[in-house]
Amino acid sequence: MYRWITITLLTVALISVSIWGYQTNKQKNDLYVQAENEYQRSFHELTYNMDVLNDQIGTSLAMNSPDKLSPQFVDIWRISSNAHANTGHLPMGLLPIHKTEQFLSELGDFTYQTAVRDLDDDPLTEEETAQLEEFYQQSGEIRDELREAQHHSLTDGSKWIDAEQALLNTNDEKDNDMVNSFQAVEDSFDTSTEETPENSTTSTETEEHSYKNITGDDLSEEEAMKEAEKIFGKEDGTDWTVTKSGDGALTPMYSVSYDENGERGYADLTVQGGHPLNLLVSREIGGKQLSLNEGFEIATDYLSELGFDEMELFQSSEYDQVGIYSFVYEDDGVRVFSDAVEVKVALDNGDITGLTANNYFKNHTERHIPEPAISEEEARDAVNQGVKIQENHLAIIDDNQGEEILTYEFLGTRDDATYRIFINAETGEEEKIEKMTDAEINYNSVI
């Protein structure tokens with residue numbers, strides 16, 4: 001009898017251990033999948049940010065007007081901050097990438113400190129212009145290496161988990177395409193620079209949360225390729241590479257790409273509904289044939305075709321024959337800056353070369369927008385009396401803590417400069433001020 005009791009207890013224990021082992025292994029696999037998906041997202045966003053960053057630095061070198069340079073440097077600072085945050089989300093703790101991160105920090109610090117000073121009275125020195133030239137060269141080298149790494153990732157199915165294992169390898173040889181590409185980035189820097197101060201103005205903090213606006217049925221791989229044809233404007237016959245995120249991903253995605261005739265394209269689509277989160281096309285841009293306004297019409301039609309309704313342009317600019325258009329969602333007359341979408345249009349032939357809709361699908365939801373606690377007149381009184389207000393809107397923006405707040409948005413001029421000013425609609429406090437470029441001012445007035 002005791003023997004059977006012992007056997008029964010051992011059997012129960014064995015089953016319990018097996019169940020525990022299965023659950024532990026499943027949790028481990030789920031964590032691996034989630035980590036891989038986060039690595040891939042950060043990497044492709046980093047590649048996109050470096051592409052735009054190089055464009056904007058190059059454009060700043062061609063500028064001669066302080067009124068244009070200041071907001072240009074603010075944009076560069078913002079993008080370098082995003083790129084710096086992306087590097088922090090990659091599994092590079094065991095591989096020295098100090099030069100790359102230091103480059104982004106120093107670029108952010110340089111552009112921020114330059115943007116906040118009066119460039120009319122204190123223009124760029126020859127040394128600062130030379131420093132900007134060096135930033136441009138280095139950003140181009142980083143961009144090219146990242147594109148090569150992205151090519152390996154899409155064609156060979158390289159995984160960041162494998163790169164992480166390669167970094168953990170105690171042997172001298174760490175043969176991994178992703179690791180080698182980032183090492184090539186490091187090697188592209190000729191000299192080391194001093195450490196960035198701890199109080200660098202470049203922030204690596206980002207507000208992360210799940211997607212709020214993912215709807216529809218799940219797509220098969222074949223359906224994902226059909227959706228890719230639509231968002232890229234491709235015909236049948238394109239050789240697509242499709243990779244699905246692993247089981248356990250919080251937001252399952254398809255990564256679709258192609259490489260043909262010197263042109264590479266990449267996009268992330270959600271499995272549910274096939275929503276495009278981002279798109280990037282890399283090719284040589286020819287001579288400009290379209291105006292910024294014509295590019296706007298193309299961008300607007302493109303968003304409409306993809307189902308982005310009630311979108312309003314709030315900013316446009318041009319970099320190396322590419323028009324970049326930022327749109328916000330308009331909710332019953334209130335402009336929602338949290339739901340932003342950016343479109344890039346090649347001005348040589350009107351091709352769509354970029355789409356960033358991450359914020360839209362993360363933040364867009366049905367909102368209950370409260371009535372302002374102060375009147376428009378009271379908000380106007382909070383604006384500097386030296387600013388001549390041209391137009392105004394109600395707008396939702398994110399505060400410094402990432403919380404949405406209702407504001408009055410005023411567009412005004414002072415001393416031949418134009419500003420966008422946000423006044424808190426509840427407290428009357430000044431929340432944010434942005435100086436606009438001539439291109440944005442003239443273009444928005446036409447539209």
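In this predicted model, Glu-260 forms a salt bridge with Lys-234, their closest N and O atoms being 3.3 Å apart; a salt bridge is a side-chain nitrogen of Lys or Arg within 4 Å of a carboxyl oxygen of Asp or Glu. The pair links distant parts of the chain, 26 residues apart: Glu-260 is in strand S2 (residues 253–260) and Lys-234 in the loop between H7 and strand S1 (241–244). Helices (H or I, at least four residues) and strands (E, at least two) are DSSP runs, numbered from the N terminus.

Lys-234 also forms a salt bridge with Glu-263, with 3.0 Å between the closest N and O atoms. Glu-263 lies in strand S3 (residues 263–270), so this pair ties together parts that are 29 residues apart in sequence. Glu-263 is buried, with a relative accessible area of 15%, whereas Glu-260 is partly exposed at 25%. Buried means under 20% relative accessible area, exposed over 50%, and partly exposed in between (1.4 Å probe, protein chains only). Lys-234, Glu-260 and Glu-263 belong to a network of salt bridges that also includes Arg-283, Asp-348 and Asp-351.

The largest nonpolar core has 54 residues, and Phe-232, Leu-279 and Phe-308 are among those with the most contacts inside it. A second, separate core of 28 residues includes Phe-43 and Leu-107. Such a core is a set of buried Ala, Val, Leu, Ile, Met, Phe, Trp, Tyr and Cys residues joined through side-chain atoms within 4.5 Å.

Residues are numbered from 1 along each chain as its sequence is written, and side-chain values use heavy atoms, leaving out hydrogens and water. Local features need pLDDT of at least 70 and side-chain atom pairs count only at pLDDT 80 or more, while totals for chains, interfaces and linings use all residues.
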